[in-house]
Amino acid sequence: MIEARHLRVLRAVASTGSFSAAGRELGCTQPAVSQQMKALESSVGTPLLVRTGREMRLTQAGEALVRHAAGIIAGLTAAEEEVAAIAGLRAGRVRLVSFPSGSSTLVPTALAALRAAHPGTRVSLEEAEPPKSVELLREGDCDVALAFRYEGAAGAEEWDDLVVRPLLTDRLVALVPEGHRLARAEGAVAIGELARESWIAGCPRCRGQLVEVCEGAGFSPRIDFATDDYPAVVGLVGAGLGVAVLPQLAVESVRPRGVRAVSLEPSVRREIVALTLPDLAQVPAVTATLDELARAGARLSAAR
């Protein structure tokens, strides 16, 4: 196997004409140059230099190897510089997948801070709800996935093979029209008090959680509308067409006009996390992205 350090010695000998001059150029001794040249000739299985008086002359094989050495060494140098830039966060790319309410609350703050600190790091963003976002991570189609899971829900082990970075805890709140009888309730409202209402349901996972909570309170919600679009949920509630339960993060991601957010009893919370693969967690740009997402989550929690 040809080693890059041997090629550098060969080029130095070819350009200076002697082992001693090559040693001075490379900052090593003449015997060290001689030893490395012998190792290179042993690797390729043919002489590369012949001595003519006090100078060294390249053989035909030596000339061929020197021609290729320039490109090889240049390529290695470029690779070393690029890797050093990535390791030093002067360059790099991170593919981020987030659910919509995370995209409009946590992600902008985190990415703005990341760009300010490391302008050479590029981040792309796509949207997907869990479990799809987690599938994209495992399939290699993204580097970081924002996801959530509800407290006490089954399947807590589904992330055991991933690096889990907690960001914040998000509680569910009820949305009612401003003129609703419970709009100005003091303290938390028992979800059973909404048993006779028309319901507007959110994303499939949130919809499943709503049904589970309502059934735990002794009733099945009458879902008249279902949409993944949070502004649409708020608009339907504001128009008096029903009530809804949404994560607080989702409410903060839109302008809730004509509605009131009411605390619920029993309290239902979900954990917001950033996920990545163990190997990706060692990549500096991914680590920096996780750090900024965690800071964004801490700031949002403190502001509540």
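Contact here means heavy atoms within 4.5 Å. I should also note that I'm working from a predicted model.

**Entry 1: Leu106 and the cores**

I started with Leu106. Leaving aside neighbours within four places in sequence, I find Leu106 in contact with Leu146, Leu167, Leu168, Leu249, Ile272, Ala296, Gly297 and Leu300. Leu106 is also listed among the residues with the most contacts inside the largest nonpolar core, which has 58 residues. Val144, Leu146, Leu167, Trp199, Ile272 and Leu293 are on that list with Leu106. As background, nonpolar side chains tend to be buried together in soluble globular proteins.

**Entry 2**

How do β3 and β4 pair, and over how many bridges? I get the parallel sense over 7 bridges, with β3 at residues 92-98 and β4 at residues 121-127. Val94 stands opposite Val123 in β4. Between the two strands the chain runs through helix α5, residues 100-117, and this β-α-β crossover is right-handed.

Thr289 sits in helix α10, residues 284-303. Buried or exposed? Thr289 has a relative accessible area of 1%, so I put it down as buried. Not counting residues up to four places away in sequence, Thr289 touches Val94, Leu114 and Val123.

Leaving aside neighbours within four places in sequence, Ala294 is in contact with Arg165 and Leu167. I checked the Arg165 pair: 129 residues apart along the chain, with C-alpha atoms separated by 7.4 Å.

**Entry 2: α2**

Helix α2 covers residues 19-26, and its buried residues are Phe19, Ala21, Ala22 and Gly23. What do they pack against? I see α1 (4-16), α3, β1 (49-52) and β2. Just after α2, Gly27 takes a positive phi of about 75°.

**Entry 3: α3**

I ran a length check on helix α3, residues 30-44. With 15 residues at 1.5 Å a residue it should span 21 Å, and the end C-alpha atoms are 21 Å apart, so that agrees. The buried residues of α3 are Val33, Ser34, Gln36, Met37 and Leu40. They cover an arc of only 165° around the axis, which puts them on the same side of α3. The face turned away from the buried side of α3 carries the exposed residues Pro31, Gln35, Lys38 and Ser42. Just after α3, Gly45 takes a positive phi of about 75°.

**Entry 4: Leu58**

Last stop was Leu58, found in strand β2, residues 55-58. Leu58 is buried, with a relative accessible area of 17%. Which residues is Leu58 in contact with, leaving aside its neighbours within four places in sequence? I noted Leu10, Ala14, Leu48, Leu49, Glu63 and Val66. I then took the C-alpha distance from Leu58 to Gly242: 87 Å, for residues 184 apart along the chain.

Note on methods
Residues numbered from 1 in each chain as written. Predicted model: local features only at pLDDT ≥ 70, side-chain atom pairs only at ≥ 80, totals over all residues. Heavy atoms only, no water. Helix = DSSP H or I, 4+ residues; strand = E, 2+ residues; numbered from the N terminus. Expected span 1.5 Å × (residues − 1). Buried < 20%, exposed > 50% of the residue type's maximum accessible area, 1.4 Å probe, protein only. Arc of directions from axis to C-beta. Core = buried A, V, L, I, M, F, W, Y, C linked by side-chain atoms within 4.5 Å. Pairing = 2+ DSSP bridges. Right-handed = clockwise from strand over helix to strand, strands pointing away.
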